[in-house]
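Hi everyone, thanks for making time. I'd like to walk you through one model today, so let me put it on the screen.

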Amino acid sequence: REKAIVEVLPEGEYDFEVVKTTEGVSKKNNNPMFTLELKFPNLRYPVKDWIMPTLTDTPLAVKKFKQSCRSVGILDKYEAGSVEHYHYDNKKGRARLVIEEFNGKQQNKVSEYLPYEHIQQLDANGKPIADDNIPF
C-alpha cells in the first residue's frame, strides 16, 4: 500500500536523494554557495537547502557543510578540500527535517544532515542486509 503524497512531512529523520545541485553565490556576502534539491519519499516537492562550501566565520555553516558531505558519502572529498557541487548529484543520504513557516505557509527545512552509516542497505528484494560479518 502506497503512502499518500504530502506537501509537508512531519518533523523527523528521513532518507533523501539529491536530484539537482547548482553552484552560485550568496546574496548576503557573495560567498560561494551550493543549492541542493533533495527528494524525500512521499513529499510532493523537493526541499531546497543551501550549503556554503568554503570556510566561513559561521561555525554552523562549516558544520552543516561537513555533515552534508558525510551524509552523502563524500567526506573524503571534504577532507581533501576538493568538493564540487556536482559531487552531490544523485547521491543518497539522511537528514532531520523540521517544519518552518515561510510567507504564511508551512514547509520542511533540513535542520541537520545525519551520518551516511545511518542508511540501511537493502538487497535486490528490498530486505535489509545484515552487516555483521558472520560468514553464514
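Let's begin where helix α1 stops: Gly 73 follows α1 and has a positive phi, near 85°. Before going on, a word on the source: this is a predicted model, where local features need pLDDT of at least 70, side-chain atom pairs count only at pLDDT 80 or more, and totals for chains, interfaces and linings use all residues. Numbering starts from 1 along each chain as its sequence is written, and side-chain values use heavy atoms, with hydrogens and water left out.

When I say helix or strand, I mean DSSP runs (H or I, at least four residues, for helices; E, at least two, for strands), numbered from the N terminus.

Now α1 itself. Its 14 residues should span 20 Å at 1.5 Å a residue, and the end C-alpha atoms are 20 Å apart, so the two agree. For the expected span, 1.5 Å is multiplied by one less than the number of residues.

Which residues of α1 are buried? They are Ala 61, Lys 64, Phe 65, Gln 67, Ser 68, Cys 69, Ser 71 and Val 72. Buried means under 20% relative accessible area, exposed over 50%, and partly exposed in between, with a 1.4 Å probe and protein chains only. The cover over those residues includes β1, β3, α2 (75–80), β4 and β5.

On to the nonpolar core (buried Ala, Val, Leu, Ile, Met, Phe, Trp, Tyr and Cys residues joined through side-chain atoms within 4.5 Å). The largest one has 22 residues, and those with the most contacts inside it include Phe 16, Phe 40 and Tyr 88. Among the elements giving two or more residues to this core are β2 (32–39) and α1 (59–72). Leaving aside neighbours within four places in sequence, Tyr 88 is in contact (heavy atoms within 4.5 Å) with residues including Phe 34, Phe 65, Cys 69 and Val 83.

Finally, the loops. Most residues other than glycine have a negative phi. Asn 30, between β1 and β2, has a positive phi of about 60°, and Asn 103, between β4 and β5, has one near 50°. Asn 30 is exposed at 55% relative accessibility, and Asn 103 is exposed at 69%.
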